[in-house]
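Student: Can we go through this model together? I'd like to know what stands behind each label we put on it.

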Amino acid sequence: MLEELKEEVCAANLVLQQAGLVGLVVLTWGNASGIDRDQGLVAIKPSGVPYEELTAAQIVLVDLEGNIVEGELQPSSDTPSHLVLYQELQDIGGVAHTHSTYAAAWAQACRSIPCYGTTHADYFRGPVPVTRPLEPEMVQGSYERETGWAIVRAVANKSRQEFPGILVAQHGPFTWGESASEAVRNSIILEQVARMAAA
Ligand SMILES: [Zn+2]
């Protein structure tokens, strides 16, 4: 079911690893997903599978409520965040999340990334936004869903094209795009922007 989408999401996850944003040093942190809007199904990386072993057949299909529709494994623990984004940001087709070093460093410091030059300006129309820190009761509740809502609140009035990603305070970056592969590409760009701004 949705074999093409699963292949694309698998390949996008592997690009995250090849780009050095996840895997190896940082274990299995990070994930990418894509949605089929017609069927309302999301394809996402399974939880805990090392990138070097990941195959398209392992990609899990869930509905927008998080019910597993197809797949032997549990979906990524970050799935609730992805689902809130797909529900609330109707114009996105893919989501990526990493703990890439520089972007996560800005996120942990709860600092938006200022626009210092053209590389940044080519992709983000202004500072890379950062969410408000989650309240303690949100952290203790459904942290992943609350993370999704914090993102939605922060980007509600912003163009998805002009702001293809965000920093979640005290956590790390989330990016999006028309597809899983575009979301991953934006994760790579955001990490580079974060690295250049830190220099
Ligand atoms: Zn994370």
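Student: What makes contacts in the protein count as joining residues at least 24 apart, and what share do so?
Tutor: Two residues are in contact if their C-beta atoms, placed from the backbone, lie within 7 Å. Among such pairs at least 6 apart in sequence, 64% join residues at least 24 apart. Keep in mind that this is a predicted model, where local features need pLDDT of at least 70, side-chain atom pairs count only at pLDDT 80 or more, and totals for chains, interfaces and linings use all residues. Residues are numbered from 1 along each chain as its sequence is written.

Student: Why is Gly71 called partly exposed?
Tutor: A residue is buried if 20 or more other C-beta atoms lie within 10 Å of its own C-beta, exposed if 12 or fewer, and partly exposed in between, with C-beta atoms placed from the backbone. Gly71 has 18 within 10 Å, so it is partly exposed. Gly71 sits in the loop between strand S4 (68–70) and helix H2 (79–88); helices (H or I, at least four residues) and strands (E, at least two) are DSSP runs, numbered from the N terminus. Leaving out residues up to four places away in sequence, Gly71 touches Pro46, Ile59, Val60 and Leu61.

Student: What makes strand S7 (residues 172–177) largely enclosed?
Tutor: Six of its six residues are buried, so the rest of the structure largely encloses S7. For the protein overall, 45% of the 199 residues count as buried.

Student: How do you know that S7 pairs with strand S5 (residues 94–97)?
Tutor: Strands pair if DSSP finds at least two bridges between them. S5 and S7 have four, and they run antiparallel; His97 stands opposite Phe174 in S7. Strand S6 (residues 165–168) is also joined to S7 by four bridges, again antiparallel, and Gly165 has Thr175 as its bridge partner.
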